[in-house]
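Let's take a walk through this structure together, one stop at a time.

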Amino acid sequence: MVLLFVPDQQLVVAAWIAITVVILGFGLLERRIFGPALESAGQLWQVFWVGVALLLCTLQLWHAFAPIDDRTRMAAAAVAAAGWLAAGLAPWRAIFRSLPRSLPGIAASLACALWLSNQCLGGPRFGDTGLYLIPSVHWAESYAVVPGIANLFVPLGYNISYFLFGALIDTGPFSHRIYPIINSSIL
């Protein structure tokens, strides 16, 4: 019996890959500007987490002046592309050098991705999703930060970076259906 990803699972995994590429692009740009050259694939894990921090800080700053909309998505993609271009071939060399000894980990990751992508397609399972996740994400997509908004509706005043990340990924086939992605991401 062969286990295959169904089309919806393929979309989820493709979204995970796209998010990872953007986050790594942010981290690679920081590494190119401030850090030493990338020497091993193991350093990509550090680059990834620096990219997460930079992406979330960028979203917080952006949201202070503008909503998280298509302009934000295009700017994030441009910064990520600049990071990958600035890094050159170094990340690819590091990945290909470590590929033979990483095959068991890659196989285990694919098995986990198969299971997790199936599990996250169930939709929202928490009652408070409609209370503050959905309104906060749509608010972040529609408006910049409004001083004093928490006095009117407390959940909109949280301005948690998780919601800004949700607004960033609320596009394409997951437009207004971000649950499979946001609840299965590591952020």
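Find Ala-82, which sits in helix α3. Keep in mind that you are looking at a predicted model. Is Ala-82 buried, partly exposed or exposed? Its relative accessibility is 34%, so Ala-82 counts as partly exposed, because anything between 20% and 50% gets that label. Now look for Phe-26: Ala-82 and Phe-26 are 56 residues apart along the chain, yet 8.4 Å separates their C-alpha atoms.

That pair leads us to the helices they belong to. Two packed helices are described by the angle between their axes and the distance between those axes. For α1 and α3, the angle is about 55° and the axes are 7 Å apart. This is why α1 and α3 are called oblique to each other. Their crossing is left-handed. On the α1 side, the contact includes Val-21, Val-22, Phe-26 and Leu-28, while α3 brings in residues including Val-79, Ala-82, Gly-83 and Trp-84. Sort the residues of this contact by class and you get 13 nonpolar, 2 polar and 1 charged.

Stay on α1, but look at another partner. Helix α1 covers residues 7-34 and helix α4 covers residues 90-119. Their axes come within 12 Å and cross at roughly 140°, so α1 and α4 are oblique to each other. Here α1 passes α4 in a right-handed crossing. From α1, Gln-9, Val-12, Val-13, Trp-16 and Leu-28 take part; they meet α4 residues, among them Pro-91, Ala-113 and Leu-114. The contact of α1 with α4 has 8 nonpolar residues, 3 polar ones and no charged ones.

What does Leu-28 touch, leaving out residues up to four places away in sequence? Its contacts are Leu-38, Leu-44, Val-47, Gly-83, Trp-84, Ala-87 and Pro-91.

Leu-28 also belongs to the largest nonpolar core, a group of 37 residues. Along with Leu-55, Leu-59, Ile-68, Phe-165, Ile-169 and Ile-181, Leu-28 is one of the residues that touch the most other members. Two or more residues of this core come from each of α1, α2 (43-65), α3 (70-87), α5 (133-142), α6 (161-169) and α7 (179-182). Which of these gives the most? That would be α1, with 9 residues.

Next, move along to α5 and α6. These helices pack at an angle of about 65°, and their axes are 8 Å apart. That makes α5 roughly perpendicular to α6. The crossing of α5 past α6 is right-handed. Leu-133, Ser-136, Val-137, Ala-140 and Glu-141 form the α5 side of the contact, and Tyr-162, Phe-163, Leu-164, Gly-166 and Ala-167 form the α6 side. By class, that comes to 7 nonpolar, 2 polar and 1 charged.

For our last stop, follow the chain to His-176, in the loop between α6 and α7. His-176 isn't a glycine, but its phi is positive, at about 65°. With a relative accessible area of 51%, His-176 is exposed.

Note on methods: Residues numbered from 1 in each chain as written. Predicted model: local features only at pLDDT ≥ 70, side-chain atom pairs only at ≥ 80, totals over all residues. Heavy atoms only, no water. Axes fitted to C-alpha atoms, helices over the stretch in contact; angles between N-to-C directions. Helix = DSSP H or I, 4+ residues; strand = E, 2+ residues; numbered from the N terminus. Parallel < 35°, antiparallel > 145°, perpendicular 65-115°, else oblique. Left-handed = near helix turned anticlockwise from the far one by under 90°. Contact = heavy atoms within 4.5 Å. Nonpolar A, V, L, I, M, F, W, Y, C, P; charged D, E, K, R; others polar. Core = buried A, V, L, I, M, F, W, Y, C linked by side-chain atoms within 4.5 Å. Buried < 20%, exposed > 50% of the residue type's maximum accessible area, 1.4 Å probe, protein only.
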